[in-house]
Amino acid sequence: MQEKLRLHKYSHHVVNASISGETTEGGVARIDNILEKYTPDLIIIELGGNDGLRGFPTKLIKSNLNKIIKTSIVKNSSVLLLGIKIPLNYGPRYTADFEKIYHELADENDIKLIEFFMKNVALNNNLMQDDGIHPNKAAQPILLENIWVAITNII
């Protein structure tokens, strides 16, 4: 992303403040420090997948994400929310409730949502790590393309 921003003459600096395995609770605990340390123009939130895979209550996931979003907005950061899907074996009700979180948060906070940022990646074994859940290095350019227009429309 940093290289593409530079190539397109954007002066923004990319900071990856993510932590592998992070839950929304961890995001809530860290967001104030992240915003204070970096004062970002845009924060891209891609959280909740680990919560969903652990079967956390969807109301808790939504509440935590909402805290992160509202904290970011109050600190004058624009927010891009990246929607996540979980495997169907969690049952149709939980899966639907989980995916609905992202749409509701985008609507309630008037922020941009990328419905499924892993489009054209998630079902391609050549673009996924051995766990079948996380994208590999080869997937990164596709993931960036999936969100690039939204990023440039915000910044």
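Is R6, at 48% relative accessibility, buried, exposed or partly exposed? R6 counts as partly exposed, where buried means under 20% relative accessible area, exposed over 50%, and partly exposed in between (1.4 Å probe, protein chains only). This is a predicted model, in which local features need pLDDT of at least 70 and side-chain atom pairs count only at pLDDT 80 or more, while totals for chains, interfaces and linings use all residues. Residues are numbered from 1 along each chain as its sequence is written, and side-chain values use heavy atoms, with hydrogens and water left out.

Stay with R6 for a moment. R6 forms a salt bridge with E3, and their closest N and O atoms are 2.5 Å apart. A salt bridge here is a side-chain nitrogen of Lys or Arg within 4 Å of a carboxyl oxygen of Asp or Glu. Both residues sit in helix α1 (residues 2–7), 3 residues apart, so about one helical turn separates them. Helices (H or I, at least four residues) and strands (E, at least two) are DSSP runs, numbered from the N terminus. E3 is partly exposed too, with a relative accessible area of 43%.

The whole structure holds 7 salt bridges. K100 and D97 form one of them, with closest N and O atoms 4.0 Å apart. They are 3 residues apart in helix α5, about one helical turn. K100 is partly exposed at 41%, and D97 is partly exposed at 28%. Salt bridges that share partners also join K62, E104 and E108 into one network.

K85 pairs with E99 in another salt bridge, the closest N and O atoms being 3.5 Å apart. K85 lies in the loop between β2 and α5, and E99 lies in helix α5, so the pair ties together parts that are 14 residues apart in sequence. K85 has a relative accessible area of 35% and is partly exposed. E99 is partly exposed at 22%.

Now the sheet. Three strands form an open sheet in the order β1-β2-β3, with parallel pairing. Two strands pair if DSSP finds at least two bridges between them. β1 and β3 (112–114) stand at the edges with a single partner strand each, so one side of each has no neighbour in the sheet. From one strand to the next, the twist averages 20 degrees. Axes are lines fitted to C-alpha atoms, for helices over the stretch in contact, and angles run from 0 to 180 degrees between N-to-C directions.

β2 and β3 are joined by 3 bridges. L80 stands opposite K112 in β3. Helix α5 packs on the sheet and touches β2 and β3, its direction making about 160 degrees with that of β2. Helix α6 also packs on the sheet, touching β1, β2 and β3, at about 165 degrees to the direction of β2. Contact means heavy atoms within 4.5 Å.

Which residues of α4 are buried? They are T58, I61, K62, N64, L65, I68, I69 and S72. They cover an arc of only 165 degrees around the axis, which puts them on the same side of α4; the arc is that of the directions from the helix axis to the C-beta atoms. On the other side, K59 and V74 are exposed. The cover over the buried residues of α4 includes α2 (24–38), β1 (42–45), α3 (49–53), β2 (78–82) and α5 (92–109).
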